[in-house]
Amino acid sequence: MNHRDTDSTASNSLSGERRSDADVEEIARLLPPPAHRDLPHEQYLHRKERLMRSIDHDHDHAHAQADHSGRTREAHPAAARPARRLLRPALLVPVTALALGGILATGVALTNGDDAPATASTGRHDARDMRPAAALLDRISDAAGKGDALRVRDDQFAYTRSKVGGADLTSGKAVVGPLRDMESWVSQEPGPLRKLGLIRSEGETLPINAQLGDTHGTPAGLGRPTYRWLSTLPTDPEKLLAYLYAEVPKSEGAERDQAVFDCIGGLLGGVTPPETAAALYRAAARIPGVTKVPTAKDVTGRAGVGIARDDTTFGARTEWVFDARDLTFLGSRSYLFKDTRYGKAGTLMSAEAVIDFAVVDKAGQTPDTRSS
């Protein structure tokens with residue numbers, strides 16, 4: 001499927017501004033399949049959650065337009081905004097190695113707009129809110145930069161063992177399920193690849209297939225961040241941030257600052273070059289609305305300090321949690337910070353706690369068995 005095919009599908013599904021439950025169900029069917037096909041279930045749910053909240057936002061906006069004008073925009077289809085381009089998210093590994101925690105965890109749209117980082121804070125935050133966050137991220141960056149660089153060959157795999165959790169939105173309400181153990185193996189080949197690695201969860205091992213539309217395979221990049229590719233990113237925080245604002249896919253109706261923050265979150269933890277990790281943290285400190293969480297816990301209850309940002313458009317807060325002693329990355333989580341149609345404030349939407357990561361020679365191999 002190429003982008004024009006995807007545009008056509010999205011256009012047919014999103015031709016009007018007024019949304020019904022049937023519309024939402026139809027849009028959900030355009031999302032990537034759940035875990036039994038080729039993706040971890042919590043990734044599918046997180047994407048569905050973000051897209052459905054985006055639809056709600058459009059629904060409210062459309063009714064506001066109708067109330068103001070005295071007629072709905074359905075009567076004037078030519079006046080409707082262009083349909084969003086629904087692409088399969090490029091997120092291929094769990095939340096920490098997720099890209100792409102928010103934006104790449106949604107169906108995304110390519111739109112026109114300013115690619116530059118915002119110079120003023122957005123939402124309810126101001127510059128004073130960011131000072132503690134910038135100081136903490138500076139310390140985290142220093143700690144990350146002192147880490148040992150790994151030797152990663154193109155024929156190896158990045159292994160991650162984690163605890164994951166999230167909400168099922170099938171019923172229209174967030175139903176939070178139990179934590180699950182998950183292991184992933186992501187190929188470090190530059191590609192393009194049709195088989196990107198493996199996911200193992202609840203006794204089942206499944207392939208990670210190429211991104212939808214990549215008929216010749218998915219290459220290394222934001223959608224499949226290999227160690228070698230990550231090492232090519234700018235290590236100057238300003239240049240890195242400018243690159244991310246230019247390259248992270250845009251999602252119509254979503255905050256641009258949040259999209260880049262979520263993208264950075266998806267590149268944290270696991271197999272990342274120390275200089276790149278250090279630059280990512282310093283880049284995150286420059287995103288408006290980023291705040292410090294003095295006391296934070298990952299989904300397993302490990303205590304530490306956190307960095308957070310509120311997505312005021314969708315009412316969800318994303319937190320990165322770090323060990324309070326050595327500032328290593330523990331995991332991330334997303335939860336509602338206000339009541340929405342999906343649940344009360346505090347409802348967990350998605351989370352992952354990183355337990356272990358390593359580089360192994362074969363998919364399916366673990367650090368305990370790689371020497372055998």
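**Note on the core, a helix pair and the salt bridges**

1. Leucine 244 touches Leu222, Arg256, Val260, Cys263, Ile264 and Leu280, when residues up to four places away in sequence are not counted. The model is a predicted one, and what follows should be read as a description of that model.

2. Leu244 is also among the residues with the most contacts inside the largest nonpolar core, together with Ile264, Tyr281, Ile307 and Trp320. That core has 37 residues. Two or more residues each come from α4 (127-145), α5 (227-230), α6, α7, α8, β7 and β8 (316-323). The element that gives the most is α8, with 6 residues.

3. How do α6 and α8 pack? The angle is about 75 degrees and the axes lie 8 Å apart, α8 being the helix of residues 274-284. Angles from 65 to 115 degrees count as roughly perpendicular, and α6 and α8 are therefore described as roughly perpendicular to each other. On the α6 side the contact is made by Pro237, Leu240, Leu241 and Leu244, and on the α8 side by Ala279, Leu280, Arg282 and Ala283. Sorted by class, this contact has 7 nonpolar residues, no polar ones and 1 charged.

4. Arg282, one of the α8 residues in that contact, also belongs to a network of salt bridges that links it with Asp138 and Asp142. The structure holds 14 salt bridges. Three further pairs are taken up in the next points.

5. Glutamate 255 and arginine 309 meet through their side chains in a salt bridge, at 2.8 Å from N to O. Which parts of the chain does this pair tie together? Glutamate 255 sits in the loop between α6 (237-247) and α7 (256-266), and arginine 309 in strand β7 (residues 303-311), so the pair joins parts that are 54 residues apart in sequence. Is each partner buried or exposed? Glutamate 255 has 14% relative accessibility and counts as buried, because the limit for that class is under 20%. Arginine 309, at 1%, counts as buried too.

6. Aspartate 298 and arginine 302 form a salt bridge between their side chains, with an N to O distance of 2.6 Å. Aspartate 298 is buried at 6% relative accessibility, whereas arginine 302 is partly exposed, with a relative accessible area of 28%.

7. In the salt bridge of aspartate 155 with arginine 153, the closest N and O atoms are 2.9 Å apart. Aspartate 155 is partly exposed, at 41% relative accessibility. Arginine 153 is partly exposed as well, its relative accessible area being 44%.

8. Valine 271 deserves a separate entry. The residue lies in the loop between α7 and α8 and counts as buried, at 10% relative accessibility. What is valine 271 in contact with, leaving aside its neighbours within four places in sequence? The list is Leu150, Val152, Ala158, Tyr227, Leu230, Phe357, Ala358 and Val359. For one of these residues, leucine 230, the C-alpha to C-alpha distance from valine 271 is 9.4 Å, and the two are 41 residues apart in sequence.

Note on methods
Residues are numbered from 1 along each chain as its sequence is written. This is a predicted model: local features need pLDDT of at least 70, side-chain atom pairs count only at pLDDT 80 or more; totals for chains, interfaces and linings use all residues. Side-chain values use heavy atoms; hydrogens and water are left out. A salt bridge is a side-chain nitrogen of Lys or Arg within 4 Å of a carboxyl oxygen of Asp or Glu. Buried means under 20% relative accessible area, exposed over 50%, partly exposed in between (1.4 Å probe, protein chains only). Helices (H or I, at least four residues) and strands (E, at least two) are DSSP runs, numbered from the N terminus. Axes are lines fitted to C-alpha atoms, for helices over the stretch in contact, and angles run from 0 to 180 degrees between N-to-C directions. Angles under 35 degrees count as roughly parallel, over 145 as roughly antiparallel, 65 to 115 as roughly perpendicular and the rest as oblique. Contact means heavy atoms within 4.5 Å. Ala, Val, Leu, Ile, Met, Phe, Trp, Tyr, Cys and Pro count as nonpolar, Asp, Glu, Lys and Arg as charged, and the others, Gly among them, as polar. A nonpolar core is a set of buried Ala, Val, Leu, Ile, Met, Phe, Trp, Tyr and Cys residues joined through side-chain atoms within 4.5 Å.
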